[in-house]
2 protein chains.
Amino acid sequence: MTIPNSDSPLRVGVAGLGTVGAALARLLLTRSNELRAEGARLLMLTAVSARDASKDRGFDMSELTFHANADDLARDPEVDVVVELIGGDDGPAKTLVETALQEGKPVITANKALLAAHGLQLASAAERSNVPLLFEAAVAGGIPAIRALRDAVPGQKVTRVSGILNGTCNYILTRMEREGIAFDDVLTDAQRLGYAEADPTFDVDGFDTAHKLALLTSLAFGTEIEASDMYIEGIRAITPDDMEAARELGYRIKLLGVAQATETGIEQRVHPTMLPLESTLAQINGVLNAVAIDTDLLGEIVLSGPGAGGDATAASVIADLQDLARGLVPKPLRLPRGDLRPYQRARMRSHEGGYYVRLSVVDKPGAFAAIAQRMAEHGISLQSIVQRRKPTDTGPHTHQPVIIITHETMEQAVREAMDGIMTDGHVDATPQIIRIER
Amino acid sequence: MTIPNSDSPLRVGVAGLGTVGAALARLLLTRSNELRAEGARLLMLTAVSARDASKDRGFDMSELTFHANADDLARDPEVDVVVELIGGDDGPAKTLVETALQEGKPVITANKALLAAHGLQLASAAERSNVPLLFEAAVAGGIPAIRALRDAVPGQKVTRVSGILNGTCNYILTRMEREGIAFDDVLTDAQRLGYAEADPTFDVDGFDTAHKLALLTSLAFGTEIEASDMYIEGIRAITPDDMEAARELGYRIKLLGVAQATETGIEQRVHPTMLPLESTLAQINGVLNAVAIDTDLLGEIVLSGPGAGGDATAASVIADLQDLARGLVPKPLRLPRGDLRPYQRARMRSHEGGYYVRLSVVDKPGAFAAIAQRMAEHGISLQSIVQRRKPTDTGPHTHQPVIIITHETMEQAVREAMDGIMTDGHVDATPQIIRIER
């Protein structure tokens with residue numbers, strides 16, 4: 001990277017003019033003076049790229065170069081830095097970023113899918129060209145979480161990083177809890193309101209959270225990005241019964257991404273959790289996101305705020321642009337590519353924690369005792385075990401709901417106890433298991 | 001400042017070896033390799049200063065230069081950067097910082113009292129010498145709040161910054177709420193446990209919060225630091241009755257520092273508030289701190305974590321040291337001293353918000369009606385008005401507790417209504433007024 005001349009503007013090319021891209025372009029065009037950080041170069045939008053040149057996006061494109069092909073934007077001599085907001089873990093987004101880095105141009109991206117899949121390779125490419133590859137906007141929208149891990153905790157021993165990283169899931173869970181309605185019904189409504197995609201798999205099955213978590217893990221632990229080798233469980237199986245039990249027990253159900261150092265490696269896991277109502281993360285409702293960072297020196301710090309939205313996400317892109325305009329050249333993943341340690345996965349079966357288990361127990365003598373016996377023989381100590389049928393529900397039944405809360409135990413023991421209970425024939429449905437987090 | 005040679009260590013001198021200073025020295029001595037940020041100079045502790053050279057502080061001072069006079073540490077040619085942890089808004093701390101800046105050495109300080117009183121003058125001195133003056137540790141201990149305001153939100157329009165900034169107050173309020181005991185009793189216990197000073201005025205009367213708020217205000221709004229011209233009210237007047245009413249009404253009482261842009265200027269205010277139980281700040285309990293930043297682009301982001309403690313505060317000093325070791329030279333108050341606008345105070349009497357009012361009403365016919373009439377004639381619309389005597393309390397009474405919650409109104413109207421109610425002779429004690437915050 002050539003030494004920036006602090007008098008010349010930093011010329012910005014934006015590829016992808018969806019909600020975030022259009023918000024970013026509007027901000028760069030309408031408040032460039034305010035956005036000029038102290039002692040930094042002016043940010044000047046010079047070029048954009050999108051599928052459709054003619055669509056009205058609420059800003060004047062007449063003074064900008066329009067590139068039908070995003071790669072041409074990367075090669076445009078009037079573009080100093082490329083902002084990739086196309087999306088997708090491959091295809092045009094990947095080609096654009098690669099081209100820009102080859103051209104020796106800094107890249108800013110909000111594309112967690114791309115980074116989760118190809119982040120190591122792209123970080124190497126950035127290093128070879130000695131240009132920054134920044135991605136504050138890729139995780140938790142407007143929250144400065146990447147920056148906190150990169151700048152505020154180096155040298156501390158991070159023990160755990162966790163977060164509510166997907167606004168769609170958090171919105172659905174919040175509505176399920178408040179309105180007592182089923183997942184499918186909230187999902188349909190969320191799709192109608194634009195809070196969920198037509199194909200919601202990516203969000204509700206936990207993959208988007210997994211991509212973001214993989215980036216946080218790498219920054220927090222100095223390890224290679226590994227998004228495919230982790231435990232992932234979405235929120236489809238959560239029922240109104242679970243919501244009701246959670247409320248009665250003093251918990252709130254949240255989809256968390258958690259990366260935790262253990263003796264055998266790093267647990268990277270995405271799954272619904274029972275959070276104590278008094279915890280900070282339990283208060284993060286609706287489309288908000290939050291990231292919690294635990295270190296040996298700080299204990300826990302929590303950053304919360306908007307996880308999505310055009311302006312909020314654009315604000316994170318702008319913070320990265322301001323870093324570039326100040327001449328900062330941070331390493332993409334904090335450490336040089338060659339210093340990142342391989343990711344060593346800790347298996348879920350050795351995960352230790354408390355468990356919520358909801359069983360549909362066949363109503364015959366001895367079932368309760370047999371279940372308690374199975375838990376005991378796997379060394380699982382119970383905090384509570386209750387039959388939860390509602391007082392109003394007085395009719396005849398073939399099965400009863402039973403809710404078990406365990407003390408801290410090992411996942412393998414819980415799984416084996418459940419296998420035993422199923423084999424014994426005392427339950428008529430797969431047990432619902434939700435991990436209790438602090 | 002001379003261009004740093006990235007191969008040479010950055011030599012650190014620490015003045016003041018209390019809890020934070022000793023923790024910092026231990027960390028610099030025992031994990032200097034881990035604390036070396038990527039691409040940055042090594043941090044090397046070379047000199048310390050304290051009142052007592054011989055006290056055992058848990059680290060080996062034999063390789064360090066000890067300065068009985070802190071000013072000598074600033075002049076030590078083997079010290080490149082001075083860390084001021086002496087404390088106090090004047091005296092040796094101020095002299096040390098001035099001497100270091102005159103010597104052209106960067107300064108890092110955790111001293112909010114000093115910065116609140118003399119921050120503008122010291123920022124000017126730092127600018128004249130073109131060296132950084134950093135103070136992440138001065139506000140909210142280990143939480144990267146200064147950094148967020150400095151690096152993550154420039155160019156956005158900050159509308160409000162608020163926070164739980166004093167761990168002692170938050171600890172006392174949390175215990176009052178949980179245990180139902182009076183302020184004085186918790187204070188005595190907190191003093192015994194070391195959570196409150198022998199002279200608690202500085203904390204419990206809001207002055208420490210005010211100092212920290214003044215720094216946040218300057219960074220957030222680009223204004224001159226003004227810590228003396230603000231509304232300050234501490235927590236001594238909060239009673240168990242208020243705690244009980246808050247719980248019943250769905251609030252939690254917190255001491256907040258709030259800086260808010262209004263049409264007539266900036267409201268800087270420190271006072272107890274009623275926070276809705278479901279707000280993020282309401283969950284920050286015990287000695288934890290939190291800072292909320294509202295901007296036009298982000299909405300609200302909240303950062304929470306440890307507000308004090310040796311290691312946590314030392315971690316913030318280290319983050320500043322790492323910035324220096326990377327060669328960063330941020331302006332102390334984000335903008336150059338000359339670009340800071342004068343602080344224009346908005347008066348509390350024009351503050352708009354909801355109010356909690358607790359009255360001790362003399363028990364005679366017409367009192368209730370007269371009070372409602374006074375509120376009405378000042379245009380105050382009531383959300384609720386209830387007599388709160390406990391069902392168990394059946395004896396004869398000369399007065400009754402009455403709790404009023406107002407809709408949004410102007411402070412002047414509330415004050416005038418209270419004056420009227422007192423003049424009417426319907427109350428036998430000064431009304432308790434607590435502002436409702438969102």
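Start with the sheet in chain A. Six strands make an open sheet, in the order 3-2-1-4-5-6, and the pairing is parallel. Remember that this is a predicted model. Which strands stand at the edges? Strand 3 (65–67) and strand 6 (133–134) of chain A do, each with a single partner strand, so one side of each has no neighbour in the sheet.

Now look at one pair inside that order. Strand 1 (residues 10–15) and strand 2 (residues 43–49) of chain A run parallel and are joined by six bridges. One to find on screen: Gly13(A) has Ala47(A) in strand 2 of chain A as its bridge partner. Helix 1 (residues 19–30) of chain A packs on this sheet. Helix 1 touches strand 1, strand 2 and strand 4 (81–84) of chain A, and its direction makes about 145° with that of strand 2.

Asn130(A) is not a glycine, yet its phi is positive, about 55°. Asn130(A) sits in the loop between helix 4 (112–129) and strand 6 of chain A. Ala140(A) is not a glycine either, and its phi is positive at about 60°. Ala140(A) is in the loop between strand 6 and helix 5 of chain A.

Buried or exposed? Asn130(A) counts as exposed, because it has 10 C-beta neighbours inside 10 Å. Ala140(A) counts as buried, because it has 32 C-beta neighbours inside 10 Å.

On to the domains. Chain A divides into domain 1 (10–138), domain 2 (145–306) and domain 3 (352–436). How far apart are the C-alpha centres of domain 2 and domain 3 of chain A? The answer is 26 Å. Ten residues of domain 2 of chain A contact ten residues of domain 3 of chain A. On the domain 2 side, the elements giving two or more residues are helix 10 (240–249) and strand 10 (265–276) of chain A. By class, that side has six nonpolar, two polar and two charged residues.

Gly379(A) is in the loop between helix 12 (367–377) and strand 14 (382–387) of chain A. Gly379(A) counts as exposed, because it has 10 C-beta neighbours inside 10 Å. From Gly379(A) to Pro92(A), the C-alpha atoms are 53 Å apart, and the two are 287 residues apart in sequence.

Now the core. Nonpolar side chains tend to be buried together in soluble globular proteins. Here the largest nonpolar core has 292 residues. Which residues have the most contacts inside it? They are Ile172(A) and Ile172(B). Setting aside neighbours within four places in sequence, Ile172(A) contacts Phe183(A), Val186(A), Leu187(A), Ala190(A), Val204(A) and Ile235(A).

Last, where the chains meet. The contact takes 39 residues from chain A and 39 residues from chain B. On the chain A side, helix 5 (145–152), strand 12 (299–306) and helix 11 (310–325) are the elements that give two or more residues. Strand 12 of chain A gives the most, with eight residues. The chain A side divides into 20 nonpolar, nine polar and ten charged residues.

Stay on strand 12. Strand 12 of chain A pairs with strand 12 (residues 299–306) of chain B, in the antiparallel sense, over three bridges. What is the bridge partner of Leu303(A) in strand 12 of chain B? It is Leu303(B).

That's my tour.

Methods
Residues are numbered from 1 along each chain as its sequence is written. Chains are lettered from A and ligands numbered from 1 in the order in which they are written. This is a predicted model: local features need pLDDT of at least 70, side-chain atom pairs count only at pLDDT 80 or more; totals for chains, interfaces and linings use all residues. Two residues are in contact if their C-beta atoms, placed from the backbone, lie within 7 Å. Helices (H or I, at least four residues) and strands (E, at least two) are DSSP runs, numbered from the N terminus. Ala, Val, Leu, Ile, Met, Phe, Trp, Tyr, Cys and Pro count as nonpolar, Asp, Glu, Lys and Arg as charged, and the others, Gly among them, as polar. Two strands pair if DSSP finds at least two bridges between them. Domain bounds come from an automatic or database domain assignment. A nonpolar core is a set of buried Ala, Val, Leu, Ile, Met, Phe, Trp, Tyr and Cys residues joined through C-beta atoms within 7 Å. A residue is buried if 20 or more other C-beta atoms lie within 10 Å of its own, exposed if 12 or fewer, and partly exposed in between; C-beta atoms are placed from the backbone. Axes are lines fitted to C-alpha atoms, for helices over the stretch in contact, and angles run from 0 to 180 degrees between N-to-C directions.
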